[in-house]
Amino acid sequence: MSIPLSLDVKYLAPEVTPDEVYAWQSFVDFCHEKLHGHTGAGSDFLGWMDPSAMIPTEEVDRIAKTAQELRANSDILIVIGIGGSYLGARAVVEAIGGAERSRVLFAGQNISAEYHKELLECIENKRVAINMISKSGTTTEPAVAFRILRSWLEEKVGAEAASKLIVATTDASKGALRQLADEQNYTTFVVPDDVGGRFSVLSAVGLLPIAYAGIDIKKLVAAAQACSEACMETDLKKNPAYFYAVVRNMLYKKGKDIEVLASFEPRLHYIAEWWKQLYGESEAKENMGIFPAAVDFTSDLHSMGQLIQQGKRNMFETFVEITGGEPEVVIPKDPANLDGLNFLAGKTLFEVNHEAFRATALAHREGNMPNMSIKLGRLDAETMGAMLYFFEKACAMSGYLLHVNPFNQPGVEAYKKHMFALLGKPGFEKETKELRELISGTEGQEISFD
C-alpha cells in the first residue's frame, strides 16, 4: 500500500535546510536502534509501533461486529474517557465520520456539571449504549461520569438490559472496571499493557467508537501498518516522519519553542487536540519541550493571525494540507456584485480555501515564520491511519532526539494528589489538613469590584 502522505519543507529555509537535517542522520540511526531494539527509555510502552501485532485481524473483526450490534440497538454511543482514552477516537470521528459523527458523544473528559446535565438532557429520548474506557476504572473524571450514566441507563432499561449496552475497554485481568465488567457480564476489550493512552487510538481504545461511527477500521489499521513499515526506513531523504522529528528539534535549539499546528479544515480540530496531548505529554520533561499550540484557519487568521504574522519569533508552524477529495461547492455569480466577489464566480470553495492556505503559508514565511506542510491527498480512513502513525512515530523519535522519555508523564499526577486531598479521599488526611491550611492562609488575596 502506498502512503498517501508527504511533507513539504520549502518554507523552512533559511532557519533549516535539508542538508542541515541530513547531518543528523547518525543520531537518527542511533535513536531508531534504541526504539526498535527496546533499549531506550520507556521501552515497556512500545506496543503501538506494530499496529498489526497490537490489534490482530481477528480482534479488528470482533470490534467491528460489536460496533455493528451496538449500532443496531442504540441511537447514541457515549464514550467515557479522558486524555488518550477519548481524544484519538474523537479526532477520527470528527474528521471523517460525516453525518454519523452525531451518533458518538463523549463524557468523562471533564467534570463540568453543566456539560453532563446537558448531555443527560440530550439523550433523554434516545436509545443509548456506553463504552467506558479506563485501564483502572478509578480515574476520577471518567469514573464519576460512568457512575452517573450507568445509573441513568439502568433506571431507563433495567440492569440486565443495560449490561448488554455497556462495553468496557479496560485491563485484561485487574482493576475496578475489570471486576465490575466480569460481575455484570459486560462485553470487554483490552487496553494493552505496553501501550500508553496517547498512543492507543489504533487499539480497541479508539477503534470501537470509530467503528460505531461507520468508519472502516480495517482500512484505518492497514494504512497505519503500511506507514509503520515505511518508517522502518531510517534514511532522512525517504522518511518524512523522521525528517519532521529532526526539524522540530533543530528549530527548538534555535529558540523556536512553540509549534503551531494549523489546518484550513474545521473537521481536523480534534486531530490538533489529539496531537497536542501526544506531543505535550511526551516531550515536556525536565524543563524542556516544545509547546504544542493549534489554530483553525481561516477563522483564526482573523484573531491569532496578527500574532503569528508579526508577534515574537519564537514559533514555527506545521500545516495539515488536504490537496483533494473535497466536495464541489461552487460560488455563484451575483449580477449586482455589490461585494465585488464576482471574480470568484464559478470557483469551488475548495479552490478558494486552498489558495487561502497557500497565501497564508507564503505570508507567514515572509514574516519570518518557518513552516512546513503535511500533505494529504484526501481525508479518509487510509490517510487518517497513515497520519496517526506518522505523528506517533515522529513523536517517539523527537523525544529521543531531545533526550527525554517520551512514554511517561510523571507530572500529570501532581494535580490528582491535590484534588484527592481537597476532596477528602481516605488515606490523604495529612495532605488534606496541610492543603486546607495553605489555601486558607491565602484567602483575602482576591482583587474585586467590591
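**Exercise 1.** State which strands helix 9 lies across and at what angle it runs to strand 5.

*Solution.* Helix 9 (residues 176–184) lies across strand 4, strand 5 (166–170) and strand 6. Its direction is at about 145° to strand 5, with axes fitted to C-alpha atoms (for helices over the stretch in contact) and angles from 0 to 180 degrees between N-to-C directions. Helices (H or I, at least four residues) and strands (E, at least two) are DSSP runs numbered from the N terminus. The model is predicted: local features need pLDDT of at least 70, side-chain atom pairs count only at pLDDT 80 or more, and totals for chains, interfaces and linings use all residues. Residues are numbered from 1 along each chain as its sequence is written, and side-chain values use heavy atoms, without hydrogens and water.

**Exercise 2.** Give the strand order of the sheet and identify its edge strands.

*Solution.* The order is 3-2-4-5-6 in an open sheet of 5 strands with parallel pairing; two strands pair if DSSP finds at least two bridges between them. Strand 3 (104–107) and strand 6 (187–190) each pair on one side only, as the edge strands. Inside the sheet, strand 2 (residues 76–80) is joined to strand 4 (residues 128–133) by 5 bridges. One of the bridge partners in strand 4 is Met 132, paired with Ile 80.

**Exercise 3.** Describe how helix 5 and helix 13 are oriented to each other.

*Solution.* Helix 5 (residues 87–96) and helix 13 (residues 269–283) pack at about 155°, their axes 8 Å apart. They are therefore roughly antiparallel, a term for angles over 145 degrees.

Terms used. Angles under 35 degrees count as roughly parallel, over 145 as roughly antiparallel, 65 to 115 as roughly perpendicular and the rest as oblique. Contact means heavy atoms within 4.5 Å.
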